[in-house]
Amino acid sequence: MDSFNPCLDCGICCTHFRISFYWGEADDAPGGFVPAAMTEKLNPFMRCMKGSNDANRRCSALEGTLGQQVSCSIYENRPTPCREFPVYFDDGTPNPKCDELRAKINLPPLPNPHPSRVIVAAADPAAEVFTA
Ligand code: SF4
Ligand code: SF4
């Protein structure tokens, strides 16, 4: 599973959320790193990725075709929300949101690399737990 990257043919989360973050992450602020030209102002303190606040939501940094082949054109400089959205089982724990979003573009659920762990309470995401 080490080389398996389910995001390369997915990308749906980059079209689902408004990607908002503290303005100081943009590179026109001291120490910022997100290309400011790809952001828009939400309020005096927050910006978001262009496109992610539109009715047809899609982050302007996303390249490619959803469900086929995608990439983030600013991957090394992506903002905090993108870094903090965990890929399913990336850290050994589930992100059920991945499967929920993938289903919207007819992608299959992600394989469980830890078959001994089973989701036992999927009806309530807040209550999801594992059994070993
Ligand atoms: S929804 Fe999950 S699998 Fe799909 S691109 Fe986002 S993090 Fe990757
Ligand atoms: S910055 Fe990159 S990872 Fe973040 S939403 Fe946009 S395309 Fe996706």
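The legends below describe close-up views of a predicted model.

**View 1**

**View 2. The residues around ligand 2.** Here the shell consists of Cys14, Ile19, Cys59, Ala61, Leu62, Cys72, Ile74, Pro79 and Cys82. By class, nine residues around ligand 2 are nonpolar, while no polar and no charged residues belong to the shell.

**View 3. An open sheet of three strands.** The strands of this sheet follow the order S1-S3-S2, and their pairing is antiparallel. Strand S1, residues 20-22, and strand S2, residues 39-41, are the edge strands, each of which pairs on one side only. From one strand to the next, the twist averages 35°. In general, the strands of a sheet are paired through hydrogen bonds of the backbone, in either a parallel or an antiparallel way.

**View 4. The pairing of strands S1 and S3.** Strand S3, which covers residues 46-49, pairs with S1 in the antiparallel sense, and three bridges join the two strands. Within this pairing, Phe21 has Arg47 of S3 as its bridge partner.

**View 5. The aromatic pair of Tyr22 and Trp23.** Two aromatic pairs are found when the whole structure is searched. In the pair formed by Tyr22 and Trp23, the ring centres lie 5.9 Å apart and the ring planes meet at 55°, so the pair counts as tilted, given that planes under 30 degrees apart would be called stacked and those over 60 edge-to-face. Tyr22 has a relative accessible area of 47% and is therefore partly exposed, and Trp23, with a relative accessibility of 31%, is also classed as partly exposed, since that class lies between the limits of 20% for buried and 50% for exposed residues.

**View 6. The charged end of Arg78 and the ring of Tyr75.** In this view the charged end of Arg78 sits over the ring of Tyr75, at 3.9 Å from the centre of that ring.

**View 7. Asn106 in its loop.** Asn106 is placed in the loop that runs between helix H2, residues 96-104, and strand S6, residues 118-119. Its phi is near 60°, which is a positive value in a residue other than glycine. With a relative accessibility of 73%, Asn106 counts as exposed, because the limit for that class is over 50%.

Note on methods: Residues are numbered from 1 along each chain as its sequence is written. Chains are lettered from A and ligands numbered from 1 in the order in which they are written. This is a predicted model: local features need pLDDT of at least 70, side-chain atom pairs count only at pLDDT 80 or more; totals for chains, interfaces and linings use all residues. Side-chain values use heavy atoms; hydrogens and water are left out. Two strands pair if DSSP finds at least two bridges between them. Helices (H or I, at least four residues) and strands (E, at least two) are DSSP runs, numbered from the N terminus. Axes are lines fitted to C-alpha atoms, for helices over the stretch in contact, and angles run from 0 to 180 degrees between N-to-C directions. Rings of Phe, Tyr and Trp (its six-membered ring) pair if their centres lie within 6.5 Å; planes under 30 degrees apart count as stacked, over 60 as edge-to-face and the rest as tilted. Buried means under 20% relative accessible area, exposed over 50%, partly exposed in between (1.4 Å probe, protein chains only). A charge sits over a ring if NZ of Lys or CZ of Arg is within 6 Å of the ring centre and within 35 degrees of the ring normal. A residue is near a molecule or strand if one of its heavy atoms lies within 4 Å of it. Ala, Val, Leu, Ile, Met, Phe, Trp, Tyr, Cys and Pro count as nonpolar, Asp, Glu, Lys and Arg as charged, and the others, Gly among them, as polar.
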